[in-house]
Amino acid sequence: MLGRLSILLAVVILVAVPSAATADRRAERAAARAFADAALRAAPAIETASAQLAAIGDATSCDVAVPAARRAELDSLAGKLATARIIAGFTRTVAPAMRRATRELKATKTHDRALRRGRAAWHDVRRDYAGFAKHPARSVCRQVRAYVDNDFEHTHGTRRGVRAYRRMVGWDTTDIDRRLEAAVDRLVELGIPADEAAKFAGGLG
């Protein structure tokens, strides 16, 4: 009797373990699909807003009468202020899409390490973008004129703008990029088409 019971228990265990593993795989595939869908819904807004970033690096010159020796200094300041303004504008534009996507990712249950780290990367990007978005959208040339009128000494506005510029261009996304790329690879392993999975990292970091 005991021998038959042992055999029966062994059979039950052998059947149950594969079933549990199959359920786990299905759950993670469903999570992968939800992750990809969240990124796909956010992608159009991010891609459209990214057009704003194309202006970074364009020459910014303000019509301010200064000695020729000071022109390069003013152009450099104007460029930094313009870059900070552009990046801040971009982050404000994508904020709604980022909030929506991170809410959807947070609501998706997963035990997969790569997916969880990828989700954390999205939250980190959203947090950092929110910090950049606080930089006010002020007229670049008005700030440059204030700098000149202040005997070429920084005003509160120009000092804040330069600090924002340095913080933005110095943003280290190495770890964020690594986590996003690993999540993309994992999404593909879980059955998400490569072109769709790529949207999980596209335009971020």
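Me: Where is His-135 found?

Reply: Helices are DSSP runs of H or I, at least four residues, numbered from the N terminus. His-135 is found in the loop between helix 3 and helix 4. Helix 3 spans 113-133 and helix 4 spans 140-149. The model is predicted: local features need pLDDT of at least 70, side-chain atom pairs count only at pLDDT 80 or more, and totals for chains, interfaces and linings use all residues. Residues are numbered from 1 along each chain as its sequence is written, and side-chain values use heavy atoms, leaving out hydrogens and water.

Me: Is His-135 buried or exposed?

Reply: Read the relative accessible area: under 20% is buried, over 50% exposed, in between partly exposed (1.4 Å probe, protein chains only). His-135 has 7% relative accessibility, so His-135 counts as buried.

Me: Which residues does His-135 touch?

Reply: Contact means heavy atoms within 4.5 Å. Leaving aside residues up to four places away in sequence, His-135 touches Ala-84, Arg-85, Ala-88, Arg-92, Arg-160, Gly-161, Ala-164 and Met-168.

Me: What about Arg-138?

Reply: Arg-138 also lies in the loop between helix 3 and helix 4. Its relative accessible area is 35%, so Arg-138 is partly exposed.

Me: Where is the place of His-111?

Reply: Look to the loop between helix 2 (68-107) and helix 3. His-111 is exposed because its relative accessible area is 74%.

Me: Which residues does His-111 touch?

Reply: Not counting residues up to four places away in sequence, Glu-28 and Arg-116.

Me: How many residues apart in sequence are His-111 and Ala-31?

Reply: They are 80 residues apart in sequence, with 9.3 Å in space from C-alpha to C-alpha.

Conventions:
Helix = DSSP H or I, 4+ residues; strand = E, 2+ residues; numbered from the N terminus.
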